[in-house]
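Please study the chain shown below and work through the exercises that follow it.

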Amino acid sequence: RRLHAATALGGTRRRVLLVGAGRAGVLCVREIRSRGDMELDPVGFVDDDPFKANSVIGGVPVLGVTDDISDLVRRYDIDHVVITIAEAEPARIRHIVEVCERIPIKVRTIPGYYDLLQGNVSIRRIRDVEPDDLLGRDAVELDVDALQDFLSGKRIMVTGAGGSIGSELARQIARFRPSRLLLVERSEYALFEIDRKLTELWPELDILPRLGDVCDEHRMRGLLQHHKPDVVLHAAAHKHVTMMEKQPAEAIKNNVFGTTTIGDLSGEHGVGTFVLISTDKAVRPTSVMGASKRVAELIVQDLDSRYATRFMAVRFGNVLGSTGSVVPIFTEQIARGGPVTVTHRNMTRYFMSIAEAAQLVLGAAAIGEGGEIFVLDMGEPMSIVELAEKMIRLSGFKPYDDIDIVFTGARPGEKLTEQLSNLAEDLTPTTNAKIFIGKLSAYDSFALSRGVSQLRAIVLSGDSVRLRAFLNEFLPEANLEDTIFRGSDEFPAILEEEASRG
């Protein structure tokens, strides 16, 4: 195809059609022409404003309207379509993308005004259109005054700060100028990266990167004693369903025992607010990962009854673009020419953008009184195969023709569909239309403590079948498969570790 040839030629300038002849479009043209390294040639605009028809804006002619894109691409030998509307509504982006999908042609976009104003990117950072551009939900409206009161001037600790959610929480928090932002992460590289990025954006903030594992009681106690955080946002977790099915003890150790450790210590050291980042996979769990997060929710509810700290959990679905999620995997598969792999044709998931998830977590934390399990409005579930098809088209290819989609079969622990709440839960609204409270009855404190102790003994025993059976019994709503993964070396390592501790 000519598109591929033109792109592959070193130094070849790509002929682009710009959608949107407003201020952002003019600024885009100005920067393209002032920078020789962008290798773009703005051929013309399309704009649906009738007053701009047949005019020349910023030295670039307005050639037509959105519905003319297909004809204009062929007539002017266009390589890329670039959406130069900085505040485009998702519905408008979807319409532009659908027009381009039918050609098909590569679609790109410029950053939105929010990113530009925050200093995160420059307008010259033209990027691919991503699925979160197409979610079709209204922008999150937060109570800025409430968040200012909750975060400004406070000492904030984020666990798992190098992960997808943890790092975005840290970025959102930094906007409200906390007195100290404590980044806790056990991956040295991930911690280095988030510290570097935050320090570049907010050099005046007191940002402290600290290596540490939430399961390490001695390390966590030292951090809490020394830094005395007002708020702890607990994002550290093992989250990959299939990976945790193969290593169930690790899911329990990190998600259950880690939450118990950091939660208990937060209560002991007088932390004002503790927020557990939970998941829709905790609802009627069919995986060890989901069950581990459900137990973590129960632990947080119990801690709220025992300490003055406000303990709460926030539950949401999949985050587009997070590490290990389908979007970066699909992107990689498309880049190498396919095939794109989807587990099941009927699989659906709830999705939200990383920024949206982080903003709603903070919004819930600001209004929480303690003991709540907050459920976020994730909109309608998305078909995974339709997401794959859309990403292929956005890359300028035809699904099943240029790039094939292969169905590999659902993996152990995976559901075809997810739920954000149990049918028996009474979801009550809050002051934020996108945040609800799931009224779940807390477990008896003694029964919960005994259950966690039994989990410790089972993990030590190395019996994965018994572990699943116990979780099915302890969580009546759970339905975990009795899956045995052969060749696992996790339990001998656990036994050696426990033995070394005496």
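The exercises below concern a predicted model.

**Exercise 1. The chain as a whole**

Task: State how many helices and strands the chain has, and what share of its residues is buried.

Solution. 
- Step 1. The secondary structure consists of 18 helices and 22 strands.
- Step 2. The chain has 502 residues, and 52% of them are buried.
- Step 3. Among contacts in the chain with a separation of 6 or more, 76% are between residues 24 or more positions apart.

**Exercise 2. Aromatic rings**

Task: Determine how the rings of Phe-470 and Phe-474 are arranged, and where the two residues lie.

Solution. 
- Step 1. A pair of aromatic rings is described by the distance of the centres and the angle of the planes.
- Step 2. The count of aromatic pairs in the model is four. One of them is formed by Phe-470 and Phe-474, with 5.5 Å centre to centre and 10 degrees between the planes.
- Step 3. Planes under 30 degrees apart count as stacked, and the pair of Phe-470 and Phe-474 is therefore a stacked one.
- Step 4. Both residues belong to helix α17, which covers residues 464-474. Because they are four residues apart in this helix, about one helical turn separates them.
- Step 5. Phe-470 has 9% relative accessibility and is buried; Phe-474, at 12%, is buried as well.
- Step 6. Elsewhere, ring pairs join Phe-274, Tyr-307 and Phe-311 into a cluster. The face of another ring, that of Phe-257, has Arg-456 lying over it, at 4.2 Å from the ring centre.

**Exercise 3. Two histidines**

Task: Describe the location of His-234 and of His-238, and identify the side chains with which His-234 and His-238 make polar contacts.

Solution. 
- Step 1. His-234 is part of strand β11. His-238 lies in the loop between β11 (231-234) and α10 (241-246).
- Step 2. A residue is buried if its relative accessible area is under 20%. His-234 has a value of 1% and is therefore buried; His-238, at 18%, also counts as buried.
- Step 3. The side chain of His-234 makes a polar contact of 2.8 Å with that of Thr-159, and another of 3.1 Å with that of Thr-259.
- Step 4. The side chain of His-238 has a polar contact with that of Arg-186, at 3.2 Å.
- Step 5. Leaving aside residues up to four places away in sequence, His-234 touches several residues, among them Val-214, Gly-258, Ile-262 and Phe-274. Phe-274 is also a member of the ring cluster with Tyr-307 and Phe-311.

**Exercise 4. Cysteines**

Task: Give the number of disulfides, and state whether Cys-100 and Cys-215 are buried or partly exposed.

Solution. 
- Step 1. A disulfide is a covalent bond between the sulfur atoms of two cysteines.
- Step 2. The count of disulfides in the model is zero.
- Step 3. Cys-100 is buried, with 0% relative accessibility. Cys-215 is partly exposed, at 28%.

**Exercise 5. Backbone geometry**

Task: Locate the cis peptide bond that involves Pro-104 and the one that involves Pro-339, then examine the phi angles of Arg-177 and Lys-228.

Solution. 
- Step 1. Most residues other than glycine have a negative phi, and most peptide bonds are trans.
- Step 2. The bond between Ile-103 and Pro-104 is cis, with omega of about -15 degrees. Pro-104 is in the loop between α4 (90-101) and β6 (106-109).
- Step 3. Gly-338 and Pro-339 are also joined by a cis peptide bond, with omega near 0 degrees. Pro-339 is in the loop between α13 (326-335) and β15 (340-342).
- Step 4. Arg-177, which is not a glycine, has a positive phi of about 55 degrees. Arg-177 lies in the loop between α7 (164-174) and β9 (180-185) and is partly exposed at 40% relative accessibility.
- Step 5. Lys-228, likewise not a glycine, has a positive phi of about 45 degrees. Its place is the loop between α9 (217-227) and β11.

Technical notes. Residues are numbered from 1 along each chain as its sequence is written. This is a predicted model: local features need pLDDT of at least 70, side-chain atom pairs count only at pLDDT 80 or more; totals for chains, interfaces and linings use all residues. Side-chain values use heavy atoms; hydrogens and water are left out. Buried means under 20% relative accessible area, exposed over 50%, partly exposed in between (1.4 Å probe, protein chains only). Contact means heavy atoms within 4.5 Å. Rings of Phe, Tyr and Trp (its six-membered ring) pair if their centres lie within 6.5 Å; planes under 30 degrees apart count as stacked, over 60 as edge-to-face and the rest as tilted. A charge sits over a ring if NZ of Lys or CZ of Arg is within 6 Å of the ring centre and within 35 degrees of the ring normal. A polar contact is a pair of N or O atoms within 3.5 Å; within protein, one must be able to donate a hydrogen and the other to accept it, and residues adjacent in sequence count only if both atoms are side-chain atoms. A disulfide is a pair of cysteine sulfur atoms within 2.5 Å.
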